[in-house]
Amino acid sequence: MLRFSFKITLILIFLSCESFAKEGKEQIPKFDEYLLALKEFKKQACQKTDEQSYKDLLSEYRGRGFYLPRRDKTLDLISLRLGLKLLDEKIEWLEQTEKKIKKGIDRKSIDHSLEQLESIIDQLLQLKFQFEKHKVKKAVLEGQQKRIQLHQQWKKLSEKIFFLKNFNFPTDHLKNRADYESLDEQKETIKRNLIFTKRKILEDGASESDGSGSDLMLRSVFDSIQLQFPIKENFLSDQLRSDLDWFLKSLKSYLRKNNDQKIQKRHGHWLSRVRQHREYYNGLLLMPPQKRRQIALHSYHAQRNISDFNDQKQLATYLFWQEKSEAMQKIFALDSLLLHEVGRVDPTGLERLDVLNVFINRVNLEPFNHLAPQQALRVLLDRQKSPASAKWLNTLLRRGEFSFTYFYIPSSYHLYCPDIYPGINNLRKENYRLIKQSLAQQERDSKLIGYFSRVSMLGRIDMSSVWTHWSDRSERPGSLIREQSSSVLKKALKNGNFRYYYHFLYQGEQHWVIEIQEQTYVMKGRLQSPIFYHYRNPHLFRFFRLVSTD
């Protein structure tokens, strides 16, 4: 996912319509030509041993799987001591929870609470619709009462599913993430280490013995919902509604897949792993300083090795595409962007078009279109006396912007060793069509500069609440649903067979978000003669404009 920097001074370069027109008229290579170039690139940049080499380097970097706080080439003893204290508390909590699990889980009572919660949520949404669409004032008082009932029922469920609570429940994942990212990477290493050590201990969950099937996301959303409930509302915000829907559905699935014995077994694996984590930190603190230095150096070099490997591969990527036409560079950069950032979650193409818009704006915006002088890729290019002048490649590979370029993210491997097979090429072909359409646009929103996916964040946190340089672009509907395709929707609406979510204003008109037959749509106009659109889920993608600092 695209990353944002908190401490960056942004200089917006406004482009004339003439520059966009010139860009749109440039001859774009045919898809088959691009595919041939991509195959040539893979053959040149990706060796047969690269995949195993990357896996080995990643394994060495991860070590025993426990975060090892360092200050360059030495261990951070302050963070280790904090970690040891937290791990002692966590083990005690896990042991107490294990005793409760052994006494049994009241599944019948949980099922009853789930039914009650889902019923109250539906009633709240009905009351919300009555007030927001039909201005029924008494719905507000009823909504406030139902909101209290919802909170009470949530409290009951929370106690019954104690086995899914996290250590230090509820953890504020948003605050922890914001605090960490607000600190300078070079000047505030100790503070960052302390926060990250805490995060790695809190951001945890039960799994299978091999580490697969972690329930971390379920636990973290549990945290986030708990923190949302004290917020006073007449009805139900769509963020809380969305999180509750996801959590309750996921909880049901979890309970179906895991009987009491399996839950106990998974919890036991978790406890064993945390004890190992505690022994590891304690051992580091007790061992002689020279031994600690050796471990720190090993960790330092393991990080350097995988980072250097990734940097060399990025260099090969840059040098190959730098020799191609700028039009070919565009296709590669934008194709890579869509495959990694959006994938297959956008059937209508509208999210991808806006993601492309963001990237194209960044290509014409400093500092996004430059490689920083200290960035390893820039240093390697300078050594080869190769100018870092390919702005499309710069925007793609600039350090700290796109997570799929990070050496510790496994998908980074596929940037220089791209998958090329029929299934992925079909998606590429669809992306290619959208790329051509986007590049041909004569006008675009030149201030659209960022995007964010809440559902991909741990705990489904909303990081935009702590960004200061960005303003949320107003929500908008998706593509129009044709008249002949909307007859089923109109019938459901007429019969009241829908679930209301919320409404938003777009181009001076109210638009209503509703669910029909487990699909979400946008409606505008009167109930007797509605117009339907596809839904663009703001929890999946939200787009942001740069705030003027004038």
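Visitor: Which residues have the most contacts inside the largest nonpolar core?
Guide: This is a predicted model. In its largest nonpolar core, which has 56 residues, they are W321, F332 and F359. Apart from this core lies another, of 38 residues, with L125, F162, F222 and L244 among them.

Visitor: What is W321 in contact with, leaving aside its neighbours within four places in sequence?
Guide: Its partners are Y34, A37, L38, F41, M328, Q329, F332 and L393.

Visitor: Why is Q314 called buried?
Guide: Buried means under 20% relative accessible area. Q314 has 6% relative accessibility, so Q314 counts as buried. Q314 sits in helix α12 (residues 289–322) and touches L377, L397 and T405, not counting residues up to four places away in sequence.

Visitor: What makes C46 and C417 a disulfide?
Guide: The cut-off is a pair of cysteine sulfur atoms within 2.5 Å. The S to S distance here is 1.9 Å, so C46 and C417 are joined by a disulfide. The pair links distant parts of the chain, 371 residues apart: C46 is in the loop between α2 (31–45) and α3 (50–62), and C417 is in the loop between α17 (413–416) and α18 (422–439). A search of the whole structure finds one disulfide.

Visitor: Are these two cysteines, C46 and C417, buried or exposed?
Guide: The limit for buried is under 20%. C46 has 13% relative accessibility and therefore counts as buried. C417, with a relative accessible area of 2%, is buried too.

Key
Residues are numbered from 1 along each chain as its sequence is written. This is a predicted model: local features need pLDDT of at least 70, side-chain atom pairs count only at pLDDT 80 or more; totals for chains, interfaces and linings use all residues. Side-chain values use heavy atoms; hydrogens and water are left out. A nonpolar core is a set of buried Ala, Val, Leu, Ile, Met, Phe, Trp, Tyr and Cys residues joined through side-chain atoms within 4.5 Å. Buried means under 20% relative accessible area, exposed over 50%, partly exposed in between (1.4 Å probe, protein chains only). Contact means heavy atoms within 4.5 Å. Helices (H or I, at least four residues) and strands (E, at least two) are DSSP runs, numbered from the N terminus.
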